Amino acid sequence: MSKLFAGRHILVVEDEMMILLMLEELMIENGCASVHVASSIPQALELIGCTTFDAATLDVNLYGDESFPVADALEARGVPFLFMTGYPTGYLQSRYEGHPVMKKPFKEPDVVDALEAMFV
């Protein structure tokens, strides 16, 4: 597999362990220098506060809480992110209109393509 994300530092925010592990492995397979994972809003905010990221994947719903505070923290630092959700895309607040959204269930190549587009 190619190393599309060589040298990149990615944050994966996801509360479903199987999806989180799959995304982490996908990032590693594609050459990420580091992959940090968080399964809750406090964990994600702590990582964002002390680590520099090139991009992030962000589950919209984390254990019943909307992850918009995480999106705001990423946006404030200029970190591009990809929303991932099983909800209708209209569920997102309009202020996030410019951010890409990946519908669950998704295919791994689609995630790679979406992240790669953020690095162009």
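Which residues of the largest nonpolar core touch the most other members? Of its 22 residues, these are Leu11, Val13, Leu58, Val70, Leu74, Phe81 and Phe83. A nonpolar core here is a set of buried Ala, Val, Leu, Ile, Met, Phe, Trp, Tyr and Cys residues joined through side-chain atoms within 4.5 Å; buried means under 20% relative accessible area with a 1.4 Å probe, protein chains only.

The model is predicted, so local features need pLDDT of at least 70 and side-chain atom pairs count only at pLDDT 80 or more, while totals for chains, interfaces and linings use all residues. Residues are numbered from 1 along each chain as its sequence is written, and side-chain values use heavy atoms, without hydrogens and water.

Select the five strands of the open sheet next: their order is E2-E1-E3-E6-E7, with parallel pairing (two strands pair if DSSP finds at least two bridges between them; strands are DSSP runs of E, at least two residues, and helices runs of H or I, at least four, numbered from the N terminus). At the edges, pairing on one side only, are E2 (34–38) and E7 (101–103).

Now centre on E1 and E3, which run parallel and are joined by four bridges. Here Val13 stands opposite Leu58 in E3.

Then display helix H1 (17–29), which packs on the sheet and touches E1, E2, E3 and E6 (contact means heavy atoms within 4.5 Å).

Finally, select Leu58. Beyond its neighbours within four places in sequence, Leu58 contacts Val13, Ser67, Val70, Ala71, Leu74, Phe81, Leu82, Phe83 and Met84.

Note on methods: Buried means under 20% relative accessible area, exposed over 50%, partly exposed in between (1.4 Å probe, protein chains only). Axes are lines fitted to C-alpha atoms, for helices over the stretch in contact, and angles run from 0 to 180 degrees between N-to-C directions.
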